[in-house]
Amino acid sequence: MESTPENEFNQTLLEQKRSMLEEVSSELEDVLSDTSLSRCQRLWRAVGIEIKTLFRLAAPACVVYLLNNVVSMSTQIFCGHLGNIQLAASSLGNTGIQLLAYGLMLGMGSAVETLCGQAYGAHKYDMLGVYMQRSTVLLMATGVPLMMVYIFCKPLLLLLGESEEVSSAAALFVYGLIPQIFAYAANFPIQKFLQAQSIIFPSAYIAAGALVLHVFLTWIVVYVLDWGLLGASLTLSFSWWVIVVAQFVYILGSKKCKKTWNGFSWMAFSGLWNFLKLSASSAVMLCLETWYFEILVLIAGLLPNPAIALDSLSICQTIQGWVFMVAVGFNAAASVRISNELGAGHPKSAALAVVVVTGSSLIIAVICAIAVLLLRHVMSYAFTEGEVVANAVSDLTPLLAVSILLNGIQPVLSGVAVGCGWQKFVAYVNVGCYYVVGVPLGALLGFKFNLCAKGIWLGMVGGVTMQTLILVWVTFRTNWNDEVEKARTRLDTWDDEKEEPLLQ
(Lines give C-alpha, C1' and ligand atoms only; values in the text may rest on other atoms or scores of the structure.)
Protein backbone atom coordinates (compact mmCIF):
# COMPACT_ATOMS: atom_id res chain seq x y z
CA MET A 1 0.00 0.00 0.00
CA GLU A 2 1.25 3.47 -0.92
CA SER A 3 2.69 5.37 1.99
CA THR A 4 0.94 8.70 2.52
CA PRO A 5 1.05 11.19 5.41
CA GLU A 6 -2.49 10.12 6.33
CA ASN A 7 -1.57 6.40 6.44
CA GLU A 8 1.56 7.15 8.46
CA PHE A 9 -0.52 9.19 10.92
CA ASN A 10 -3.08 6.39 11.28
CA GLN A 11 -0.35 3.78 11.79
CA THR A 12 1.29 5.92 14.47
CA LEU A 13 -2.08 6.35 16.17
CA LEU A 14 -2.68 2.59 16.24
CA GLU A 15 0.79 1.95 17.65
CA GLN A 16 0.15 4.50 20.39
CA LYS A 17 -3.11 2.72 21.26
CA ARG A 18 -1.34 -0.65 21.55
CA SER A 19 1.45 0.67 23.74
CA MET A 20 -0.59 3.06 25.90
CA LEU A 21 -1.18 0.68 28.79
CA GLU A 22 2.45 -0.49 28.86
CA GLU A 23 3.67 3.11 29.21
CA VAL A 24 1.48 3.87 32.21
CA SER A 25 3.20 3.50 35.56
CA SER A 26 2.41 4.29 39.20
CA GLU A 27 4.21 4.49 42.51
CA LEU A 28 2.11 1.65 43.94
CA GLU A 29 2.86 -0.77 41.10
CA ASP A 30 6.55 0.15 41.23
CA VAL A 31 6.69 -0.67 44.95
CA LEU A 32 4.87 -3.98 44.46
CA SER A 33 7.30 -4.91 41.67
CA ASP A 34 10.48 -3.78 43.47
CA THR A 35 12.52 -6.97 43.93
CA SER A 36 15.18 -5.10 45.95
CA LEU A 37 12.74 -5.03 48.88
CA SER A 38 11.62 -7.99 50.93
CA ARG A 39 8.04 -9.17 50.50
CA CYS A 40 7.07 -7.76 53.89
CA GLN A 41 8.64 -4.37 53.10
CA ARG A 42 6.87 -4.20 49.74
CA LEU A 43 3.55 -5.03 51.36
CA TRP A 44 3.82 -2.46 54.16
CA ARG A 45 4.91 0.35 51.83
CA ALA A 46 2.22 -0.50 49.31
CA VAL A 47 -0.51 -0.65 51.97
CA GLY A 48 0.57 2.75 53.29
CA ILE A 49 0.35 4.28 49.81
CA GLU A 50 -3.02 2.67 49.10
CA ILE A 51 -4.59 3.73 52.42
CA LYS A 52 -3.67 7.38 51.78
CA THR A 53 -5.12 7.22 48.28
CA LEU A 54 -8.23 5.37 49.46
CA PHE A 55 -9.22 7.76 52.23
CA ARG A 56 -8.68 10.81 50.01
CA LEU A 57 -11.42 9.27 47.85
CA ALA A 58 -13.70 7.61 50.40
CA ALA A 59 -13.99 10.42 52.98
CA PRO A 60 -15.35 13.14 50.64
CA ALA A 61 -17.48 10.54 48.80
CA CYS A 62 -19.17 9.65 52.12
CA VAL A 63 -19.83 13.35 52.69
CA VAL A 64 -21.33 13.81 49.21
CA TYR A 65 -23.81 10.95 49.52
CA LEU A 66 -24.66 11.86 53.11
CA LEU A 67 -25.36 15.52 52.31
CA ASN A 68 -27.39 14.63 49.21
CA ASN A 69 -29.48 12.36 51.43
CA VAL A 70 -29.95 15.13 53.99
CA VAL A 71 -31.22 17.50 51.27
CA SER A 72 -34.21 15.21 50.62
CA MET A 73 -34.64 14.48 54.32
CA SER A 74 -34.81 18.19 55.21
CA THR A 75 -37.67 18.66 52.75
CA GLN A 76 -39.53 15.82 54.44
CA ILE A 77 -38.96 17.43 57.86
CA PHE A 78 -40.31 20.80 56.69
CA CYS A 79 -43.38 19.14 55.18
CA GLY A 80 -43.92 17.13 58.37
CA HIS A 81 -44.40 20.35 60.33
CA LEU A 82 -47.29 21.27 58.03
CA GLY A 83 -49.36 18.30 59.27
CA ASN A 84 -49.68 14.54 59.30
CA ILE A 85 -51.13 14.36 55.77
CA GLN A 86 -48.25 16.44 54.42
CA LEU A 87 -45.73 14.24 56.25
CA ALA A 88 -47.28 11.08 54.79
CA ALA A 89 -47.38 12.67 51.33
CA SER A 90 -43.74 13.77 51.36
CA SER A 91 -42.67 10.38 52.79
CA LEU A 92 -44.44 8.55 49.97
CA GLY A 93 -42.95 10.92 47.42
CA ASN A 94 -39.41 10.74 48.80
CA THR A 95 -39.09 7.10 49.80
CA GLY A 96 -41.49 5.67 47.26
CA ILE A 97 -41.80 7.37 43.88
CA GLN A 98 -38.59 9.40 44.05
CA LEU A 99 -36.52 6.41 45.16
CA LEU A 100 -37.50 4.65 41.93
CA ALA A 101 -35.94 7.42 39.83
CA TYR A 102 -32.93 7.82 42.12
CA GLY A 103 -32.07 4.11 42.05
CA LEU A 104 -32.58 3.80 38.30
CA MET A 105 -30.56 6.89 37.42
CA LEU A 106 -27.75 6.13 39.87
CA GLY A 107 -27.59 2.55 38.59
CA MET A 108 -27.45 3.57 34.93
CA GLY A 109 -24.86 6.21 35.78
CA SER A 110 -22.60 3.48 37.19
CA ALA A 111 -21.70 2.50 33.62
CA VAL A 112 -19.71 5.74 33.49
CA GLU A 113 -17.73 4.59 36.54
CA THR A 114 -16.48 1.52 34.69
CA LEU A 115 -15.62 3.18 31.39
CA CYS A 116 -14.35 6.53 32.67
CA GLY A 117 -12.31 4.90 35.45
CA GLN A 118 -10.58 2.48 33.11
CA ALA A 119 -10.06 5.12 30.40
CA TYR A 120 -8.53 7.51 32.94
CA GLY A 121 -6.18 4.79 34.20
CA ALA A 122 -5.10 4.13 30.60
CA HIS A 123 -4.50 7.86 30.01
CA LYS A 124 -7.19 7.96 27.32
CA TYR A 125 -8.39 11.23 28.74
CA ASP A 126 -10.38 12.48 25.75
CA MET A 127 -12.80 9.56 26.04
CA LEU A 128 -14.06 10.56 29.49
CA GLY A 129 -16.03 13.54 28.22
CA VAL A 130 -17.58 11.43 25.46
CA TYR A 131 -18.64 8.72 27.93
CA MET A 132 -20.19 11.33 30.23
CA GLN A 133 -22.19 12.82 27.38
CA ARG A 134 -23.38 9.42 26.13
CA SER A 135 -24.60 8.55 29.60
CA THR A 136 -26.37 11.89 29.95
CA VAL A 137 -28.17 11.38 26.63
CA LEU A 138 -29.37 7.92 27.70
CA LEU A 139 -30.44 9.04 31.17
CA MET A 140 -32.32 12.04 29.81
CA ALA A 141 -34.18 9.73 27.40
CA THR A 142 -34.94 7.36 30.31
CA GLY A 143 -36.37 10.31 32.23
CA VAL A 144 -39.26 10.69 29.77
CA PRO A 145 -41.07 7.40 30.60
CA LEU A 146 -40.20 7.95 34.28
CA MET A 147 -41.97 11.30 34.04
CA MET A 148 -45.14 9.43 33.03
CA VAL A 149 -44.95 7.45 36.28
CA TYR A 150 -44.74 10.72 38.20
CA ILE A 151 -47.68 12.24 36.30
CA PHE A 152 -49.93 9.23 36.91
CA CYS A 153 -48.71 8.47 40.44
CA LYS A 154 -52.11 9.17 42.06
CA PRO A 155 -53.96 6.22 40.50
CA LEU A 156 -50.91 4.05 41.25
CA LEU A 157 -51.02 5.01 44.92
CA LEU A 158 -54.76 4.39 45.05
CA LEU A 159 -54.16 0.98 43.50
CA LEU A 160 -51.68 0.21 46.28
CA GLY A 161 -54.32 0.94 48.88
CA GLU A 162 -53.50 4.50 49.93
CA SER A 163 -56.38 6.80 50.88
CA GLU A 164 -57.76 9.41 48.50
CA GLU A 165 -56.55 12.26 50.72
CA VAL A 166 -52.99 10.99 51.07
CA SER A 167 -52.78 10.01 47.38
CA SER A 168 -53.89 13.47 46.25
CA ALA A 169 -51.41 15.21 48.53
CA ALA A 170 -48.57 12.85 47.51
CA ALA A 171 -49.36 13.40 43.82
CA LEU A 172 -49.11 17.18 44.31
CA PHE A 173 -45.71 16.73 45.96
CA VAL A 174 -44.50 14.37 43.23
CA TYR A 175 -45.47 16.80 40.44
CA GLY A 176 -42.90 19.20 41.83
CA LEU A 177 -40.24 16.48 41.65
CA ILE A 178 -40.51 16.05 37.86
CA PRO A 179 -37.61 18.48 37.16
CA GLN A 180 -35.56 16.48 39.66
CA ILE A 181 -35.70 13.43 37.35
CA PHE A 182 -33.67 15.27 34.72
CA ALA A 183 -31.38 16.75 37.35
CA TYR A 184 -30.54 13.16 38.33
CA ALA A 185 -29.98 12.36 34.65
CA ALA A 186 -27.35 15.09 34.41
CA ASN A 187 -25.90 14.79 37.92
CA PHE A 188 -24.86 11.15 38.07
CA PRO A 189 -22.80 11.09 34.82
CA ILE A 190 -21.08 14.32 35.92
CA GLN A 191 -20.48 12.93 39.40
CA LYS A 192 -19.01 9.66 38.08
CA PHE A 193 -16.92 11.61 35.51
CA LEU A 194 -15.32 13.56 38.36
CA GLN A 195 -14.96 10.52 40.63
CA ALA A 196 -13.08 8.60 37.92
CA GLN A 197 -10.43 11.32 38.08
CA SER A 198 -10.37 11.24 41.91
CA ILE A 199 -11.96 14.70 41.94
CA ILE A 200 -14.39 14.42 44.84
CA PHE A 201 -13.74 17.32 47.23
CA PRO A 202 -15.41 19.89 44.91
CA SER A 203 -18.58 17.77 44.85
CA ALA A 204 -18.50 17.65 48.66
CA TYR A 205 -18.19 21.44 48.92
CA ILE A 206 -20.97 21.91 46.37
CA ALA A 207 -23.23 19.46 48.25
CA ALA A 208 -22.62 21.34 51.53
CA GLY A 209 -23.39 24.70 49.93
CA ALA A 210 -26.49 23.31 48.20
CA LEU A 211 -27.79 21.95 51.52
CA VAL A 212 -27.49 25.35 53.23
CA LEU A 213 -29.18 27.07 50.27
CA HIS A 214 -31.88 24.42 50.13
CA VAL A 215 -32.82 24.71 53.81
CA PHE A 216 -33.03 28.50 53.52
CA LEU A 217 -35.11 28.45 50.33
CA THR A 218 -37.42 25.72 51.63
CA TRP A 219 -38.09 27.72 54.81
CA ILE A 220 -39.02 30.77 52.72
CA VAL A 221 -41.19 28.80 50.28
CA VAL A 222 -43.02 26.73 52.92
CA TYR A 223 -43.41 29.17 55.81
CA VAL A 224 -43.10 32.67 54.30
CA LEU A 225 -44.69 32.25 50.88
CA ASP A 226 -46.96 29.40 52.05
CA TRP A 227 -46.62 27.40 48.84
CA GLY A 228 -47.08 24.10 50.68
CA LEU A 229 -46.16 20.69 49.30
CA LEU A 230 -45.74 21.74 45.68
CA GLY A 231 -43.44 24.59 46.66
CA ALA A 232 -41.35 22.30 48.85
CA SER A 233 -40.86 19.71 46.12
CA LEU A 234 -40.13 22.34 43.45
CA THR A 235 -37.47 23.77 45.76
CA LEU A 236 -35.97 20.28 46.12
CA SER A 237 -35.82 19.96 42.33
CA PHE A 238 -34.25 23.42 42.06
CA SER A 239 -31.57 22.51 44.64
CA TRP A 240 -30.60 19.41 42.66
CA TRP A 241 -30.23 21.55 39.54
CA VAL A 242 -28.00 23.91 41.53
CA ILE A 243 -25.75 20.91 42.30
CA VAL A 244 -25.70 19.92 38.61
CA VAL A 245 -24.90 23.41 37.31
CA ALA A 246 -22.24 24.04 39.96
CA GLN A 247 -20.44 20.76 39.16
CA PHE A 248 -20.56 21.43 35.41
CA VAL A 249 -19.24 24.97 35.90
CA TYR A 250 -16.39 23.44 37.89
CA ILE A 251 -15.61 21.09 34.97
CA LEU A 252 -15.55 24.01 32.53
CA GLY A 253 -13.27 26.13 34.70
CA SER A 254 -11.00 23.57 36.35
CA LYS A 255 -7.48 22.93 35.09
CA LYS A 256 -7.83 19.33 36.30
CA CYS A 257 -10.48 18.66 33.65
CA LYS A 258 -8.74 20.27 30.67
CA LYS A 259 -7.56 16.91 29.31
CA THR A 260 -10.83 15.09 29.95
CA TRP A 261 -13.35 17.70 28.79
CA ASN A 262 -12.96 18.85 25.20
CA GLY A 263 -16.44 20.32 24.74
CA PHE A 264 -19.67 18.89 23.41
CA SER A 265 -19.29 16.23 20.74
CA TRP A 266 -21.56 14.50 18.22
CA MET A 267 -19.86 11.27 19.34
CA ALA A 268 -22.21 11.40 22.34
CA PHE A 269 -24.89 10.01 20.00
CA SER A 270 -22.78 7.11 18.66
CA GLY A 271 -22.35 3.67 20.24
CA LEU A 272 -25.47 4.23 22.33
CA TRP A 273 -26.73 0.64 22.03
CA ASN A 274 -23.63 -0.90 23.65
CA PHE A 275 -23.65 1.86 26.24
CA LEU A 276 -27.33 1.17 26.94
CA LYS A 277 -26.64 -2.53 27.57
CA LEU A 278 -23.95 -1.76 30.14
CA SER A 279 -26.11 0.99 31.71
CA ALA A 280 -29.11 -1.34 31.92
CA SER A 281 -27.06 -4.02 33.67
CA SER A 282 -25.80 -1.40 36.14
CA ALA A 283 -29.35 -0.17 36.78
CA VAL A 284 -30.72 -3.67 37.34
CA MET A 285 -27.87 -4.47 39.74
CA LEU A 286 -28.61 -1.45 41.94
CA CYS A 287 -32.41 -1.33 41.62
CA LEU A 288 -32.86 -4.97 42.60
CA GLU A 289 -30.96 -4.23 45.79
CA THR A 290 -32.83 -0.98 46.55
CA TRP A 291 -36.28 -2.46 45.90
CA TYR A 292 -35.45 -5.48 48.05
CA PHE A 293 -35.47 -3.40 51.23
CA GLU A 294 -38.69 -1.64 50.17
CA ILE A 295 -40.42 -5.00 49.62
CA LEU A 296 -39.44 -6.13 53.11
CA VAL A 297 -41.11 -3.03 54.59
CA LEU A 298 -44.26 -3.75 52.57
CA ILE A 299 -44.27 -7.35 53.85
CA ALA A 300 -43.93 -6.07 57.43
CA GLY A 301 -47.15 -4.12 56.94
CA LEU A 302 -49.00 -7.44 56.54
CA LEU A 303 -47.86 -8.79 59.92
CA PRO A 304 -50.08 -8.97 63.02
CA ASN A 305 -49.73 -5.68 64.93
CA PRO A 306 -48.07 -4.07 61.91
CA ALA A 307 -47.53 -0.69 63.61
CA ILE A 308 -44.92 -2.08 66.01
CA ALA A 309 -43.28 -4.15 63.26
CA LEU A 310 -43.11 -1.20 60.86
CA ASP A 311 -41.83 1.21 63.53
CA SER A 312 -39.08 -1.13 64.71
CA LEU A 313 -38.03 -2.06 61.17
CA SER A 314 -38.08 1.59 60.08
CA ILE A 315 -35.91 2.69 63.00
CA CYS A 316 -33.40 -0.11 62.39
CA GLN A 317 -33.31 0.57 58.66
CA THR A 318 -32.83 4.30 59.27
CA ILE A 319 -29.82 3.56 61.50
CA GLN A 320 -28.53 1.08 58.95
CA GLY A 321 -29.08 3.67 56.21
CA TRP A 322 -26.85 6.22 57.91
CA VAL A 323 -24.08 3.68 58.44
CA PHE A 324 -24.63 2.55 54.85
CA MET A 325 -23.57 6.02 53.63
CA VAL A 326 -20.05 5.17 54.81
CA ALA A 327 -20.16 1.93 52.84
CA VAL A 328 -21.40 3.81 49.76
CA GLY A 329 -18.39 6.12 50.04
CA PHE A 330 -16.08 3.10 50.09
CA ASN A 331 -18.11 1.64 47.21
CA ALA A 332 -17.29 4.71 45.09
CA ALA A 333 -13.64 4.62 46.18
CA ALA A 334 -13.37 0.91 45.32
CA SER A 335 -14.86 1.48 41.89
CA VAL A 336 -12.44 4.33 41.14
CA ARG A 337 -9.36 2.52 42.44
CA ILE A 338 -10.05 -0.78 40.67
CA SER A 339 -11.08 0.76 37.34
CA ASN A 340 -8.08 3.14 37.34
CA GLU A 341 -5.58 0.36 38.06
CA LEU A 342 -7.10 -2.04 35.53
CA GLY A 343 -7.11 0.67 32.89
CA ALA A 344 -3.49 1.44 33.69
CA GLY A 345 -2.55 -2.24 33.32
CA HIS A 346 -1.64 -2.74 36.98
CA PRO A 347 -2.98 -6.13 38.16
CA LYS A 348 -0.98 -6.16 41.41
CA SER A 349 -2.20 -2.70 42.40
CA ALA A 350 -5.81 -3.65 41.60
CA ALA A 351 -5.59 -6.78 43.77
CA LEU A 352 -4.07 -4.85 46.68
CA ALA A 353 -6.70 -2.10 46.35
CA VAL A 354 -9.47 -4.71 46.76
CA VAL A 355 -7.92 -6.01 49.99
CA VAL A 356 -7.25 -2.57 51.49
CA VAL A 357 -10.65 -1.04 50.70
CA THR A 358 -12.54 -4.11 51.92
CA GLY A 359 -10.48 -4.36 55.11
CA SER A 360 -10.85 -0.64 55.89
CA SER A 361 -14.60 -0.69 55.37
CA LEU A 362 -14.98 -3.84 57.48
CA ILE A 363 -13.04 -2.30 60.41
CA ILE A 364 -15.35 0.73 60.42
CA ALA A 365 -18.37 -1.58 60.20
CA VAL A 366 -17.17 -3.57 63.21
CA ILE A 367 -16.85 -0.37 65.26
CA CYS A 368 -20.36 0.74 64.25
CA ALA A 369 -21.83 -2.69 65.02
CA ILE A 370 -20.31 -2.67 68.50
CA ALA A 371 -21.69 0.84 69.11
CA VAL A 372 -25.16 -0.27 68.04
CA LEU A 373 -25.06 -3.26 70.40
CA LEU A 374 -23.96 -1.06 73.30
CA LEU A 375 -26.80 1.42 72.63
CA ARG A 376 -29.46 -1.19 71.81
CA HIS A 377 -31.72 -0.27 74.75
CA VAL A 378 -31.68 3.51 74.27
CA MET A 379 -31.15 4.35 70.59
CA SER A 380 -34.84 4.02 69.66
CA TYR A 381 -35.71 6.95 71.97
CA ALA A 382 -34.11 9.28 69.41
CA PHE A 383 -37.10 8.41 67.19
CA THR A 384 -39.94 7.66 69.60
CA GLU A 385 -40.74 7.57 73.32
CA GLY A 386 -42.69 4.30 73.19
CA GLU A 387 -41.30 1.55 75.43
CA VAL A 388 -42.92 -1.20 73.34
CA VAL A 389 -41.13 0.01 70.21
CA ALA A 390 -37.89 0.38 72.17
CA ASN A 391 -38.09 -3.25 73.24
CA ALA A 392 -38.83 -4.33 69.67
CA VAL A 393 -35.83 -2.38 68.37
CA SER A 394 -33.63 -3.85 71.10
CA ASP A 395 -34.77 -7.32 70.04
CA LEU A 396 -33.79 -6.59 66.41
CA THR A 397 -30.45 -4.97 67.26
CA PRO A 398 -28.29 -8.17 67.06
CA LEU A 399 -29.58 -8.69 63.51
CA LEU A 400 -28.98 -5.00 62.79
CA ALA A 401 -25.37 -5.43 63.94
CA VAL A 402 -24.94 -8.42 61.61
CA SER A 403 -26.39 -6.37 58.73
CA ILE A 404 -23.95 -3.55 59.45
CA LEU A 405 -21.06 -6.02 59.34
CA LEU A 406 -22.28 -7.38 56.01
CA ASN A 407 -22.62 -3.82 54.70
CA GLY A 408 -18.94 -3.38 55.51
CA ILE A 409 -18.17 -5.94 52.79
CA GLN A 410 -21.02 -6.28 50.29
CA PRO A 411 -21.23 -2.65 48.97
CA VAL A 412 -17.45 -2.51 48.61
CA LEU A 413 -17.40 -5.69 46.55
CA SER A 414 -20.24 -4.24 44.45
CA GLY A 415 -17.92 -1.28 43.84
CA VAL A 416 -15.20 -3.72 42.78
CA ALA A 417 -17.72 -5.28 40.38
CA VAL A 418 -18.48 -1.88 38.86
CA GLY A 419 -14.77 -1.15 38.50
CA CYS A 420 -14.30 -4.45 36.66
CA GLY A 421 -17.48 -4.18 34.58
CA TRP A 422 -19.23 -7.19 36.19
CA GLN A 423 -22.62 -5.47 36.47
CA LYS A 424 -24.51 -8.10 34.49
CA PHE A 425 -23.18 -10.94 36.63
CA VAL A 426 -24.00 -9.15 39.89
CA ALA A 427 -27.53 -8.45 38.62
CA TYR A 428 -28.10 -12.22 38.29
CA VAL A 429 -26.62 -12.78 41.75
CA ASN A 430 -28.97 -10.15 43.22
CA VAL A 431 -32.03 -11.78 41.65
CA GLY A 432 -31.15 -15.16 43.12
CA CYS A 433 -30.02 -14.02 46.57
CA TYR A 434 -32.68 -11.40 47.22
CA TYR A 435 -35.80 -12.62 45.45
CA VAL A 436 -35.32 -16.40 45.33
CA VAL A 437 -33.83 -16.70 48.84
CA GLY A 438 -34.23 -13.51 50.89
CA VAL A 439 -37.87 -12.50 50.36
CA PRO A 440 -39.39 -16.03 50.54
CA LEU A 441 -37.22 -16.88 53.58
CA GLY A 442 -38.28 -13.68 55.34
CA ALA A 443 -41.95 -14.31 54.62
CA LEU A 444 -41.66 -17.93 55.78
CA LEU A 445 -39.95 -17.03 59.06
CA GLY A 446 -42.14 -14.01 59.68
CA PHE A 447 -45.54 -15.63 59.04
CA LYS A 448 -45.17 -19.42 59.18
CA PHE A 449 -42.85 -19.52 62.20
CA ASN A 450 -44.38 -16.42 63.82
CA LEU A 451 -41.05 -14.61 64.16
CA CYS A 452 -42.70 -11.41 62.83
CA ALA A 453 -40.27 -8.50 62.18
CA LYS A 454 -37.30 -10.58 63.35
CA GLY A 455 -38.17 -13.28 60.80
CA ILE A 456 -38.36 -10.75 57.97
CA TRP A 457 -35.01 -9.30 58.98
CA LEU A 458 -33.52 -12.81 59.19
CA GLY A 459 -34.63 -13.34 55.59
CA MET A 460 -32.86 -10.13 54.59
CA VAL A 461 -29.69 -11.20 56.43
CA GLY A 462 -29.84 -14.58 54.70
CA GLY A 463 -30.10 -13.01 51.25
CA VAL A 464 -27.33 -10.47 51.86
CA THR A 465 -25.06 -13.14 53.42
CA MET A 466 -25.48 -15.37 50.39
CA GLN A 467 -24.74 -12.47 48.03
CA THR A 468 -21.69 -11.42 50.05
CA LEU A 469 -20.24 -14.95 50.09
CA ILE A 470 -20.66 -15.25 46.31
CA LEU A 471 -18.98 -11.89 45.70
CA VAL A 472 -16.13 -12.77 48.09
CA TRP A 473 -15.61 -16.11 46.33
CA VAL A 474 -15.64 -14.58 42.85
CA THR A 475 -13.34 -11.72 43.86
CA PHE A 476 -10.93 -14.09 45.64
CA ARG A 477 -10.68 -16.28 42.53
CA THR A 478 -10.27 -13.38 40.11
CA ASN A 479 -7.26 -13.45 37.80
CA TRP A 480 -6.31 -9.78 37.74
CA ASN A 481 -4.08 -10.19 34.70
CA ASP A 482 -7.15 -11.39 32.80
CA GLU A 483 -9.14 -8.40 34.07
CA VAL A 484 -6.45 -6.07 32.74
CA GLU A 485 -6.78 -7.72 29.31
CA LYS A 486 -10.57 -7.36 29.44
CA ALA A 487 -10.22 -3.69 30.33
CA ARG A 488 -7.80 -3.24 27.43
CA THR A 489 -10.23 -4.92 25.02
CA ARG A 490 -13.15 -2.86 26.33
CA LEU A 491 -11.25 0.41 25.93
CA ASP A 492 -10.02 -0.48 22.45
CA THR A 493 -13.58 -1.32 21.39
CA TRP A 494 -15.01 1.97 22.64
CA ASP A 495 -11.99 3.95 21.43
CA ASP A 496 -12.33 2.46 17.93
CA GLU A 497 -15.90 3.78 17.80
CA LYS A 498 -14.65 7.25 18.59
CA GLU A 499 -11.74 7.26 16.16
CA GLU A 500 -13.35 5.55 13.20
CA PRO A 501 -14.22 8.83 11.38
CA LEU A 502 -10.62 9.96 11.86
CA LEU A 503 -9.25 6.85 10.13
CA GLN A 504 -11.45 7.15 7.04
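Which helix supplies the largest share of the nonpolar patch? I shall come to that after a brief overview of the chain.

Please bear in mind that this is a predicted model. The chain contains 18 helices and 0 strands. Of its 504 residues, 52% count as buried. If we take the contacts between residues at least 6 apart in sequence, 84% of them join residues at least 24 apart. The chain exposes about 22100 Å², and 68% of that area is supplied by carbon and sulfur atoms.

Let me now return to the opening question. The answer is helix α13, residues 347–374, which contributes 4 residues to the nonpolar patch. The patch covers about 700 Å² of the surface. Its members are L362, V366, I370, L374, L375, V378, Y381 and L405.

One of these members, L375, deserves a separate remark. L375 is located in the loop between α13 and α14, the latter spanning 387–407. Is L375 buried, partly exposed or exposed? L375 counts as partly exposed because its relative accessibility is 45%, and that class lies between under 20% for buried and over 50% for exposed.

Where does α5 bend? The bend, of about 30°, is at V144, and a proline, P145, follows within four residues.

Conventions: Residues numbered from 1 in each chain as written. Predicted model: local features only at pLDDT ≥ 70, side-chain atom pairs only at ≥ 80, totals over all residues. Heavy atoms only, no water. Bend = angle between axes of the 7 residues up to and from the residue. Helix = DSSP H or I, 4+ residues; strand = E, 2+ residues; numbered from the N terminus. Patch = residues over 30% accessible without salt bridge, like charges linked within 9 Å, V, L, I, M, F, W, Y side chains within 5 Å. Areas by Shrake-Rupley, 256 points an atom, 1.4 Å probe, with all protein chains shown as cover. Salt bridge = Lys/Arg side-chain N within 4 Å of Asp/Glu carboxyl O. Buried < 20%, exposed > 50% of the residue type's maximum accessible area, 1.4 Å probe, protein only. Contact = heavy atoms within 4.5 Å.
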